[in-house]
Amino acid sequence: MKTRRLFFALAAGAALLAAVGQASAQQRPIRLIVPYAAGGPIDVTARALAERVRDSLGTVIIDNKPGAGGNIGADMVAKAAPDGLTIGIAATATHAVNPWLYSKMPFSAASDFAPITQMVRVPNVLVMNAETAERLKIHNVAELIAYAKKNPGKLNYGSGGNGSAGHLAGEMFKKEAGIFALHIPYNGGNPAQLALLSGQVDFNFDNLATAAPNIRSGKLKAIAVTTTQRSSALPDVPPVADTLKGFAIDTWWGLVAPAGTPPDVVAKLNQAFVAALNAPETKTRFGTLLAEPVGNSPEQFGAFMKTELAKYEKVVKATGARVD
């Protein structure tokens with residue numbers, strides 16, 4: 001009897017330890033790698049979602065790993081264990097532009113990731129210094145193109161650097177409009193905007209969230225948005241596509257896991273994050289950043305990234321921009 005009682009006691013203890021171990025494993029936090037510095041729009045939106053999925057997924061820890069245009073952080077996601085405990089941000093730069101901009105990439109944007117969901121879309125906007133626009137009598141895209149054709153070589157535009165979103169948008173605009181404007185690269189988006197505000201450059205293609213305060217204050221004039229449809233944040237500003245058919249270039253980011261992550265794990269992550277993106281509180285919070293929540297299926301996000309990768313191959317190669 002004593003032996004049987006000892007046996008059952010040991011068995012019960014083993015079962016308890018197994019249950020505790022399983023519960024502990026389930027409580028392990030998810031690591032969400034943001035390949036950019038803290039404080040920017042991507043970081044802010046990631047932290048907001050991490051809070052909203054706490055009840056469904058548990059603790060999500062934000063880990064900022066900036067550097068190399070986002071490649072360092074993205075590479076850490078690509079090389080992480082495919083167990084659903086490490087996920088990361090895929091952005092326009094890391095998964096559409098950099099593969100064509102950098103001569104050597106540490107990961108394959110096309111095959112090293114399992115898409116979870118697109119998070120947001122942020123329109124870019126063609127802006128001019130308000131005083132410059134008034135002096136040159138430029139109020140819309142057609143007038144900007146007409147001025148450039150009548151005054152070849154007189155216009156310039158700024159960007160956050162060679163291969164940046166603003167640079168690629170500017171070169172795409174020049175090509176489709178059949179005009180020339182000198183590109184002046186700056187060391188980041190903020191210096192480029194300061195150059196525009198001070199009149200050192202004539203126009204920029206800027207992120208709407210970044211440009212909005214100066215548009216509202218009247219220092220910058222919004223000429224057009226770069227999405228195919230008007231933005232709810234600037235309902236009176238037409239798209240570039242109204243003048244140049246098919247013109248579309250905006251900023252986006254979403255969530256990915258390492259390739260090989262089990263489909264059921266991806267599905268669970270997708271369900272939790274899409275629900276968070278659809279929450280009214282999220283839409284309000286993201287609205288302050290002029291970011292439009294998307295939230296779609298892994299298949300939809302994967303197809304979208306594939307299309308963007310192909311689009312930017314042509315744009316980057318046309319500019320000749322390279323980072324070695």
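**Entry 1: a pair of strands to begin with**

I started at strand β3 (residues 86–91) and found it joined to strand β10 (residues 251–258) by four bridges, with the two running antiparallel. I looked up one partner: Ala91 has Trp253 as its bridge partner in β10. A note to myself before going on: this is a predicted model.

I then checked what lies on this part of the fold. Helix α13 (residues 298–319) packs on the sheet and touches β3, β4 (113–122) and β10. I read its direction as making about 75 degrees with that of β4.

**Entry 2: the sheet around β3 and β10**

Next I traced the whole sheet. It is open and made of six strands, in the order β2-β1-β3-β10-β4-β11, with mixed pairing. Its edge strands are β2 (60–64) and β11 (292–293), each pairing on one side only.

**Entry 3: the other sheet**

I moved on to an open sheet of five strands, also with mixed pairing, in the order β7-β6-β8-β5-β9.

Helix α10 (residues 208–216) lies across β5, β8 and β9 and runs at about 120 degrees to β8.

**Entry 4: a closer look at β5**

Is strand β5 mostly covered or mostly open? I found it mostly covered: six of the six residues in β5 (residues 124–129) are buried. Asn124, Leu126 and Met128 point one way from the strand, while Val125, Val127 and Asn129 point the other way, and all are buried.

I looked up the neighbours of β5 as well. With β8 (residues 203–207), β5 pairs in the antiparallel sense over five bridges, and Val127 stands opposite Asn204 there. With β9 (residues 220–225), β5 is again joined by five bridges and runs antiparallel. In β9, Val125 has Val225 as its bridge partner, and Met128 has Lys221.

**Entry 5: the cores**

Leu126 turned up again when I went through the nonpolar cores. The largest has 47 residues, and those with the most contacts inside it are Leu126, Val141, Leu144, Leu155, Phe173, Phe203 and Phe247. I followed Val141: neighbours within four places in sequence aside, it is in contact with Leu126, Phe173, Ile223, Ala224, Val240 and Thr243. There is also a second, separate core of 33 residues, which includes Ile116, Trp253, Ala257 and Ala272. I was pleased to meet Trp253 again, having noted it as the partner of Ala91.

**Entry 6: a quick test on helix α2**

At 1.5 Å a residue, its twelve residues should span 16 Å, and the end C-alpha atoms are 17 Å apart, which agrees. The buried residues in α2 are Ile42, Asp43, Thr45, Ala46, Ala48, Leu49 and Ala50.

**Entry 7: the chain as a whole**

Last, I stepped back. I counted 13 helices and eleven strands in the protein chain, and its C-alpha atoms fill a box of roughly 105 × 40 × 30 Å along the principal axes. Of the 324 residues, 49% are buried. The chain exposes about 15400 Å², with carbon and sulfur atoms supplying 56% of that. Among contacts between residues at least 6 apart in sequence, 77% join residues at least 24 apart.

Definitions and conventions:
Residues numbered from 1 in each chain as written. Predicted model: local features only at pLDDT ≥ 70, side-chain atom pairs only at ≥ 80, totals over all residues. Heavy atoms only, no water. Buried < 20%, exposed > 50% of the residue type's maximum accessible area, 1.4 Å probe, protein only. Pairing = 2+ DSSP bridges. Expected span 1.5 Å × (residues − 1). Contact = heavy atoms within 4.5 Å. Axes fitted to C-alpha atoms, helices over the stretch in contact; angles between N-to-C directions. Core = buried A, V, L, I, M, F, W, Y, C linked by side-chain atoms within 4.5 Å. Areas by Shrake-Rupley, 256 points an atom, 1.4 Å probe, with all protein chains shown as cover.
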